[in-house]
Every structure is written in C-alpha cells, then in structure tokens.
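Notes follow in the order I checked things.

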Amino acid sequence: MSTETKCNPDLVRERAKCTFDVNELINLFYGSEKATKERRHFEDAVLAVKELKDAIPEEYLSHKERYENGVRKATILRDVYRDYKAKHNRDPPPNQITKAVIKDISPFLLHNGMFVPTIAGQGTPEQQAEWLPKAESMQIIGTYAQTELGHGSFIRGLETIATYDPKTEEFVLNNPTLTSFKWWPGGLGSTVNHCVVVAQLYINGKSHGIHPFIAQIRDLDTHKPLPGVKVGEIGPKMGFQTANNGFLGFDNFRIPRKNMLMKNAQVLKDGTFVKGINEKLTYGTMVMVRVGIVGDCSFYAALAATIAVRYSAVRHQSHIKASEPEAQILDYLTQQHKLFIAVASSHVYRNAYLWMEKMYTNVMKELSQDKQDNLPELHATACCLKAVCSRDAGSLVEECRLACGGHGYMASSNLPLTYGVTIAAVTYEGERTVLLLQTARYLMKAWMAALKGKVLSPSVSYLLNSLKESKKPWQNTPEGIVKGFQHVSFGKVKAAYETIQKYMKQGKDYEDAWNLASVQLVKASEAHSRAILCEVSWEAVCSSSASPNLSRVLQQLAQLYLTYWTLETSGDLLLYSNITKDDLIILRDKYEELLVAIRPNAVGLVDGFDLRDEILNSTLGSYDGRVYERLMEEALKSPLNQETVNSSFHKYLKPMMEKAKL
Ligand SMILES: CCCCCCCC/C=C\C/C=C/C(=O)SCCNC(=O)CCNC(=O)[C@H](O)C(C)(C)COP(=O)(O)OP(=O)(O)OC[C@H]1O[C@@H](n2cnc3c(N)ncnc32)[C@H](O)[C@@H]1OP(=O)(O)O
Ligand SMILES: Cc1cc2nc3c(=O)[nH]c(=O)nc-3n(C[C@H](O)[C@H](O)[C@H](O)COP(=O)(O)OP(=O)(O)OC[C@H]3O[C@@H](n4cnc5c(N)ncnc54)[C@H](O)[C@@H]3O)c2cc1C
C-alpha cells in the first residue's frame, strides 16, 4: 500500500478517526494474518513484472488489440503462478490480482474456472490422468461449451448431437441447425484448442440426454480449426471484452469414445449406455461456479465501495451549514445511505460464500460415498444465493457509480467496467429468474413436507418453526429481524403454494398453475435467500473472534444490512410478520443512527478490504486520494491529446465553417 506522506489530508483525517485496527479487519476478512501476508507477497510478485504494465489504458485499444494484450498478459501471469508453485510447492493463495493485470476478464477464465474443474469433477480417474496434467500445465487450453444460440437456460433442449458409432468406437459431433451452434463460451473465440462440449447423446437412434465430451478443436501447432470445426468470436459486449467469448459448430467431427467424461454415466465399447446414479451430477460444475459467484459478488461490492467511499471523503460539494466550508460529500446522510450498504453487503456475501463453500464441500464428500440426500438442498441454495447476490451486487456497484457523480461515468473511475462485469453474473451460470424458480421447486416440496410435519433440511427448517410461531410478537432485535425475514419467506412460500392449489382447483394442470403462480414463486425464493443471508451473516458476526472494537463495527454493519432490508421490504413484513408501524418507525431511526455511527469508520472499513490501487484501477479510489491529479493525468493519456490539432479539423470542420460563410 502507498504511504500516508502524499495522502490527501481528508483521507489522513479519516484514517485517524478509525476506532478499530484495520489490519485486524484485513486478517479477519481474508482468514488470518498468514493468509494476508501470503496474498500480499504473491500480489507483490505479480506487480513486480514490468511486462504486465499497460502502456496506455485499455479503453484506447481496438477490440482486437485489447484481446491480444489480454492474452499476452494472461500468459505472463500464468508463468508467475507456475513459478510460485514451483518455489513454494503449493498454489498461490486466493487473490484478485488478475483484476490489476487484465483489468477486464482473462481469456483463460474458463480454462481455469470451468474446463479444468469439469475434467476433475466429471472425468474418471483415467480421464483425469490423461487430461488434467496437460490442462493444468497449459499444454492444452480449454473452455466449457454448453450454451447455444437457441438454448442457454433450458439445457435439456440443447441441439448439439453426439452420435455413438460402435464400429469405430467414436462419437460423431454435429450442429445440425444455426440455433445449435455453441455461443458464449469464454476463450472459444481465438484462444482455446480444446473444450468440454455439452451435447445430446444418441446411441442407435435413442437419446440418452446431455453429457460432457472433450473435443480438440484447433491444431496444437498451427492453431487452425480442425477439419469439421467452425469456430469464431461473438463480438463486443457490455463487458467481458477480453474474455474472448466464441461460437462453435461441428460437422461430422469424430472424437474417440474415451472423450466422453464418464464419471457419472458411461458408454461401453458396444454402445451399451450405463446410467449414472443421478443424471443431475452432470450439472456439477455449474453448482461449483454458482457458489464461487457469491464470493465474486463480495469482491465486486468491496471494489466499488472502496472507490466510492474514498472519493466521497475527498470530494467536497455544497454546504450542510452555510457558515461552514463545503462539506465532504460523505457527510451527507443520503451519500452514506447509498454507500454503506455496499460495504455491509460485501461482508454479508463473504460470510454467505464461506457458509456455502462448507455446504458444497460436505455434499461433495457425501457424493464420493454415493450419498445424495443433501444434493437438492445444495442446488437450491446455490441457485437462489447466486441469483440474489449477483443482482444486488450489480445494483450496489451502479449505486456506487452514481454516487460519484459525473466522475463515476469516466472509464478511468473503473466503475462502468466493474458494473458491466458484475451485472453479467445475473445472466451467466444460470439466468436469475430461472435459478430462482429452481429454488422455488425445492421450497414447494419443503412446504408440502412441512405440512405433513416431516423433518426439513437445515436451510428450510425455519418453515416449520414459522408455522408454530406465527402468533409471537415482533422483536426489534437483530435476531427478531432474522425471524421476521423467515416469516416473510414462510408467508410467501405458503401463498405461492396456495395459489398453485387455487389454479389447480379451477381445473388447471400443475404446469399451468405453476406458470400462473411463478411471479409469487420467484418472490418466495428471493425472500428465502434474504432470510438465509440475514441469518448466516448475523451468526457469523456474533461468533467471530474479532476484538471488542472491531466486533462493534462489524455488528453495526450486519445490523445495517438487516435494517436496510427491513425498511426496503417493509410492505412484505407488514403483510407476513407481526411487525407494526411503530416498530418500523423505530427501525427507521435505528437505521439513521447506524449510518451516523458507521460514518467515522467508513474509510477504515474500505481500507479493510485491502484492495491495492492496481486492483482498484481507479482515478477516484486510490489509497492516497489524489483524485483530481489522477483524473487529469489519465485524460492527458487520450490519443486526442497527443496532437494539438486533429486532422478532422482540416478535413471536415474547416470546410464546414467555410461553406457556412458562403
Ligand atoms: C469457483 C470458481 C469460480 C470460477 C468463476 C468462473 C466464472 C465464469 C464466468 C462466466 C462463465 C459462464 C459460464 C456459463 O454460463 S456456463 C453455462 C451455464 N448455464 C446454466 O447455468 C444453465 C442453467 N440451466 C440449468 O442449470 C438447467 O437447465 C435447469 C437447472 C434450469 C433445469 O434443468 P432440467 O434438467 O430441465 O431440470 P428440471 O427443471 O426438470 O429439474 C429436474 C430436477 O433436477 C434438479 N436439478 C437441476 N439442476 C440440478 C443440479 N445442478 N444439481 C442437482 N439437482 C439439480 C432440480 O432441482 C429438479 O429436482 P426435482 O424438483 O426434485 O425434480
Ligand atoms: C458474459 C457471459 C459469459 C458466458 N459464458 C459462458 C460460457 O463460458 N459457457 C457457456 O456455455 N455459456 C456461457 N454464457 C451463457 C449463459 O450461461 C447463458 O446466457 C445463461 O445461462 C442464460 O441463458 P439464455 O441466454 O438462454 O437466456 P434465456 O433463457 O433465453 O433468458 C431470456 C429470458 O427468458 C426467461 N426465461 C427463460 N426460461 C424461463 C423459464 N423456464 N421460466 C421463466 N422465465 C424463463 C429468463 O428469465 C430471461 O428473462 C455466458 C453468458 C454471458 C452473458
């Protein structure tokens, strides 16, 4: 981190006000002092590589140049990872340094994030032995090719076909229609030479559902597409410019039988299909990534909050009192209302991620012992938390951007790009509504079980309690608020269920009744997610090992989250819990008190995310607060400022002005 010497005086004052030890917060957030040290050490090693520094901001490069620069840096970064592993005999610690290097999304994201994990999760030991060493060492580069032009959400509807030919013991891959072309996979455009292709398996004319296959699509020496492969890049997007998303189609492209990833289901040499214990295990990589996305949401909220809070401490505009100097905009309560929820939410998502990660690890362990009982709960929980956290994180980033006024609109603030990247997670890895409806299926089943008095899985057991406790008075405590959100979820689950029943009584079949109730079902899933987020984060704060000074501030943040959402969803609480108008007024006052209480620690709290200037990559958010200097320095890098008179003056402006004289 930069030293305080050249720091903006407002930030120096802010840091002096902080009531807790920022280093303690950093160590708590990242797990331990050792974890912080190792992460920083690795980040130092990456940032010491001169070739990773960009000569000019990415925004001035063409689409093609941006991609090429992205690949260049991704390969150097990969060497740093390899060298670290060789030296320390372990992988580098979790870190976000790719943001400092690539800025947008790495063309290797899908290789590391989905290609390798799919081989590890869906391959037999023999298949893992064949491909993992090559993939992990980057002798081969891959992606995860599932989505097609015509289908993304409904993956049973995918049209890519893998037909088994027992004579040659090969699968023949085909994309018979335009809509069957793979569309979106990261790195597919021009980077990868392999992919996991998700395709419909046909044996002797019989369909056996979708399965993952490994296909080499480009020559390893020339990088030319292999015969029978049509592949390319899909063009510019809202973000993900360097992710190199691509399209892909096969024309009678043959791959050996051993290229079907066969941990779950197998095709024997003679074409016999051996079903797996649960066909949904084929969807396993998606579950893993959905859990990871909850963690990513914590990072993006932290990044945007760090930029906007530091900027708001430096920025002065207007007066609170006419007799006093212009105020730091962070002193306006409305600004605190916009920003502190982003700080609080980052902690909430982090705790939810750690909680989900534990659930994921447990279920994976159970699956390795052929025990599947807790898989539905994992799937349902990962779906709704991914859906709610990504949408909320996107809104928080946008709110942080708006809170920086005009300067937040500058690319150099890094907030527009951060928004583009964050909001993409609402769609990828399962579109929000679609995932919430998956959770709703689970909630409906849980509700029916609750009505029969059955024992429910831990994440939904509150439905049973709520059934018993519906008459208890509201309590204006964090625990009371958590219960309140559970009552809302209970009420919405019950209402959605009863709506389905109502339509069925009117003669509709279950599917139509489901569709007619689906707005309510989505809302029930959202309420269920909110109840989980509130409970998990409050429990995490209460059981944390933080010192009293830090614990006080973390509790304030967690209470802010609870109170913010109570006020945002007060209509639901009035409808489904025993909260009263008077309780809401008390909570409104409490919320305002919390903003005021958190205010002196705002800069300390974002310092506690420990995001280096290079990761923030923002003129507005740097540790030293040299906002105006940086805005000007970055503007001067514009190619338009490298010449006094642009040629367009002589070509167009002057002739126009002269014509106007005639
Ligand atoms: C930590 C690493 C971080 C790395 C970060 C990488 C980030 C990379 C950034 C971008 C890359 C993006 C990549 C992608 O987007 S890849 C493509 C992702 N695509 C999707 O997510 C598609 C979404 N659709 C689906 O998942 C499915 O189609 C579906 C679940 C919506 C529906 O599936 P379907 O087979 O039609 O099932 P049903 O609705 O009929 O349900 C049947 C039954 O199955 C249960 N179930 C569904 N999915 C799962 C699952 N994954 N695990 C367990 N069980 C599952 C479902 O609950 C039903 O159960 P039932 O009610 O008891 O019948
Ligand atoms: C940045 C980015 C990166 C990606 N990377 C990859 C990748 O690497 N590999 C890959 O395979 N894919 C990738 N994808 C694709 C992504 O997984 C899909 O776009 C996503 O799953 C959504 O599917 P869709 O585009 O078909 O949306 P659609 O399903 O067409 O959604 C459109 C609308 O229809 C609604 N809808 C659809 N079905 C239902 C339903 N059953 N009930 C109610 N409403 C419904 C949705 O809610 C939405 O409002 C990426 C996408 C993005 C944006």
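Before the helix figures: I take helices as DSSP runs of H or I with at least four residues, and strands as E runs of at least two. Also for the record, this is a predicted model.

**Entry: the annotated stretch.** I started from the UniProt record, an unreviewed entry, which puts "domain: Acyl-CoA oxidase C-terminal" on residues 478-658. I looked up the make-up of that span and got 76% helix and 0% strand. Its end C-alpha atoms sit 72 Å apart.

Entry: The assignment I have divides the chain into domain 1 (109-276) and domain 2 (467-607). I checked the spacing too: the C-alpha centres of the two domains are 42 Å apart.

**Entry: salt bridges overall.** My cut-off was a side-chain nitrogen of Lys or Arg within 4 Å of a carboxyl oxygen of Asp or Glu. That rule gave me 36 salt bridges.

**Entry: Glu-43.** Which residues does Glu-43 pair with? I found a salt bridge to Arg-39, with the closest N and O atoms 3.3 Å apart. Both belong to helix H3 (residues 33-47), and because they are four residues apart there, about one helical turn separates them. Buried or exposed, I wondered of Glu-43? Glu-43 has a relative accessible area of 2%, so I logged it as buried. Arg-39 comes out at 3% and is buried as well.

Glu-43 has another partner, Arg-612, with the closest N and O atoms 2.4 Å apart. Arg-612 lies in the loop between helix H20 (602-607) and helix H21 (613-616), while Glu-43 is in helix H3, so this pair ties together parts 569 residues apart in sequence. I noted Arg-612 as buried, like Glu-43.

Arg-39, Arg-40, Glu-43, Asp-44, Asp-610 and Arg-612 are joined in a network of salt bridges.

**Entry: Glu-130 and Lys-258.** Next I looked at Glu-130, which forms a salt bridge with Lys-258, the closest N and O atoms being 3.2 Å apart. What does this pair tie together? Glu-130 is in helix H7 (residues 125-136) and Lys-258 in the loop between strand E9 (253-256) and strand E10 (266-267), so the bridge connects parts that are 128 residues apart in sequence.

Definitions and conventions. Residues numbered from 1 in each chain as written. Chains lettered and ligands numbered in written order. Predicted model: local features only at pLDDT ≥ 70, side-chain atom pairs only at ≥ 80, totals over all residues. Heavy atoms only, no water. UniProt positions renumbered as here; feature names shortened; annotations may be inferred. Buried < 20%, exposed > 50% of the residue type's maximum accessible area, 1.4 Å probe, protein only. Domains from an automatic or database assignment.
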